Amino acid sequence: MEFAHQSVLLNECIDALAIKPDGIYLDGTLGGAGHSLQICRNLTTGRLIGVDRDLVALEAAKKRLYRHAKKVTLVHDNFENVGAILTALGLDRIDGMLFDLGVSSPQLDDAERGFSYKYDGPLDLRLNPEAGISAAERLRTVARDELEGMLIENADEPYAKEISQAVTRALRKGKKIDTTFALRDLIAEALDFLPKDEKKEAIKKSCARTFQALRIDVNNEYEVLEAFMEKLPDALAPGGRAAILTFHSGEDRLVKKSMKGLYQIGIYSEYSKEVIRPSKEECIRNSRASSTKMRWAIKAE
């Protein structure tokens, strides 16, 4: 599989980081390395640290960044461990960090990863397939009320009650929900009561939201993000900058709350009070960009 990916808000992220040619920067969610490639192009004697918990992404990034290999250090880890990562590299604080919390297009389009209802494959959804339990295993142990709450909290799913009832009822009857299509079909069944002219679009949106909710849950994404936001300023040098891309209102709320709170107590000298969104033109070029929000912060001197 070719790991190609369109980087969202590329220029806006580079502007927010205000890259110094001799600075040290960390891309904590390397993915397709589009943002990292642009960071490298702005460095002369500086250094980029690329982190990802997906080995496939790291291998693809290595190829894409080969012209800048002398500037780049790749690390297989979770960005939550930023302090330990910098310590292992002999670094104390760095000049800037970028985090794109979205799932890369190649991950979404790889049927074997189970991230999308559009392709039949194992219902996995783990960003690191070697860690934790799959979404299929998670569903086998989840209670109806818990699943309903997960769909609301992680995806603002309007039909959370109907979907959670359908899933848990099917499991009680001994039905296996081990594939993406098995879950997709159950969601369609749960929404069968909708008017015919609304049903197709509603099922598509509920499938996307349900898969998102499960992905957030099995990867502990909110817990990881919340813990990381507390650690982030400690890894930044005075005047250092962070830019974070989110793709769901829950993520954005966590980022906004952290940045605002740390600004109020003087940890950050400035932060983006207004969210930055892709232009209409970018959303036309890349439909997956439409839900993106970017926020930035600057460490106090």
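Modeller: Two strands pair if DSSP finds at least two bridges between them. Helices (H or I, at least four residues) and strands (E, at least two) are DSSP runs, numbered from the N terminus. In this predicted model, local features need pLDDT of at least 70, side-chain atom pairs count only at pLDDT 80 or more, and totals for chains, interfaces and linings use all residues. Residues are numbered from 1 along each chain as its sequence is written, and side-chain values use heavy atoms, with hydrogens and water left out.

Colleague: In what order do the strands of the open sheet stand?

Modeller: The order is β3-β2-β1-β4-β5-β7-β6, an open sheet of 7 strands with mixed pairing. At its edges stand β3 (72-76) and β6 (268-271); each has a single partner strand, so one side of each is left without a neighbour in the sheet. From one strand to the next, the twist averages 15°; axes are lines fitted to C-alpha atoms, for helices over the stretch in contact, and angles run from 0 to 180 degrees between N-to-C directions.

Colleague: How many bridges join β6 to β7?

Modeller: There are 3 bridges between β6 and β7 (residues 293-299), and the two strands run antiparallel. Tyr271 has Ala297 in β7 as its bridge partner.

Colleague: In which sense does β4 pair with β1, and in which with β5?

Modeller: The pairing of β1 with β4 is parallel, over 3 bridges, and Leu98 in β4 stands opposite Asp27. β4 and β5 are also joined in the parallel sense, over 6 bridges, with Leu245 in β5 as the bridge partner of Asp100.

Colleague: How many residues of β4 are buried?

Modeller: Buried means under 20% relative accessible area, exposed over 50%, and partly exposed in between (1.4 Å probe, protein chains only). In β4, 7 of the 7 residues are buried, so the strand is largely enclosed by the rest of the structure.

Colleague: At what angle do α8 and α9 cross?

Modeller: Angles under 35 degrees count as roughly parallel, over 145 as roughly antiparallel, 65 to 115 as roughly perpendicular and the rest as oblique. The axes of α8 (residues 160-172) and α9 (residues 180-190) cross at roughly 125° and come within 9 Å. That angle makes α8 oblique to α9.

Colleague: Which residues make the contact?

Modeller: Contact means heavy atoms within 4.5 Å. From α8 come Glu162, Ile163, Ala166, Val167 and Ala170, and from α9 Leu183, Leu186, Ile187 and Ala190.
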